[in-house]
Amino acid sequence: MIKISQKLKSQLWWLIISVDYDYSRISIAEHDLTDEALTLWLEDKQDFKNSIDECLQVDIRVRDMARVIKAENLNSYEGTKLHPTKNFAYKARIEINAPVQWYKDDASVVEQQWTREAMLKALLTQLVEAGAASDYEY
């Protein structure tokens, strides 16, 4: 679960409404990764901004980023392992590297883009599901 402040929730809802609930229109204009956070600047594909300052800035904690990478199996692949003592092979997920380290060192440019898009999808999904759940509370 990604931690979203109330201010960011309001800004994200405004962005969703401005794209007429067509989530495919929301794009990542720019990104930056520090030791503490992945920063995404979001914009409407049909209303490109002249500068990054006009985009919606979203900061996602590195811990949340790692959780999404692991949940989406982005840093691992399906492979065959050999049991160390009993000499039989079995299928398992083989982790390439720790999630954030994988993103920084091992992921291709395309895989990094997929990761950022997975982060955006997880963020929007959480926002919409939380909003829908609150509509049905008594």
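Which residues does Leu 56 touch, not counting residues up to four places away in sequence? In this predicted model, the partners of Leu 56 under that condition are Leu 8, Gln 11, Leu 12, Leu 15, Leu 40, Trp 41 and Leu 42. Leu 56 also belongs to the largest nonpolar core, which comprises 26 residues, and it is listed with Ile 2, Leu 12, Ile 26, Leu 42, Val 58 and Met 119 as the members that touch the most other members. At least two residues of this core are supplied by each of α1, β2 (37–44), β3 (56–61), α2 (62–71), α3 (99–106) and α4 (109–135), and the largest share, 6 residues, comes from α4. In soluble globular proteins, nonpolar side chains tend to be buried together.

Ile 26, another of the core residues named above, lies in strand β1. With a relative accessible area of 6%, Ile 26 is classed as buried, because the cut-off for that class is under 20%. When residues up to four places away in sequence are not counted, Ile 26 touches Leu 15, Ile 16, Val 19, Leu 42, Glu 43, Lys 45, Leu 120 and Leu 124.

Leaving aside neighbours within four places in sequence, Arg 25 is in contact with Ser 18, Val 19, Asp 20, Glu 43, Asp 44, Lys 45 and Gln 46. As regards Val 19, its backbone oxygen lies 3.4 Å from a polar atom of the Arg 25 side chain.

The loop between α1 (6–18) and β1 (26–33) also holds Tyr 21, which is partly exposed, with a relative accessible area of 49%. Together with Ile 17 and Tyr 23, Tyr 21 makes a nonpolar surface patch of about 310 Å². The backbone of Tyr 21 has a positive phi of about 60 degrees, although the residue is not a glycine. Most residues other than glycine have a negative phi. A positive phi, of about 55 degrees, is also found at Asn 73, again not a glycine. Asn 73 is located in the loop between α2 and β4 (76–82) and is partly exposed, its relative accessible area being 35%.

Key. Residues numbered from 1 in each chain as written. Predicted model: local features only at pLDDT ≥ 70, side-chain atom pairs only at ≥ 80, totals over all residues. Heavy atoms only, no water. Patch = residues over 30% accessible without salt bridge, like charges linked within 9 Å, V, L, I, M, F, W, Y side chains within 5 Å. Areas by Shrake-Rupley, 256 points an atom, 1.4 Å probe, with all protein chains shown as cover. Salt bridge = Lys/Arg side-chain N within 4 Å of Asp/Glu carboxyl O. Helix = DSSP H or I, 4+ residues; strand = E, 2+ residues; numbered from the N terminus. Buried < 20%, exposed > 50% of the residue type's maximum accessible area, 1.4 Å probe, protein only. Core = buried A, V, L, I, M, F, W, Y, C linked by side-chain atoms within 4.5 Å. Contact = heavy atoms within 4.5 Å. Polar contact = N/O pair within 3.5 Å; in protein donor to acceptor, adjacent residues only side chain to side chain.
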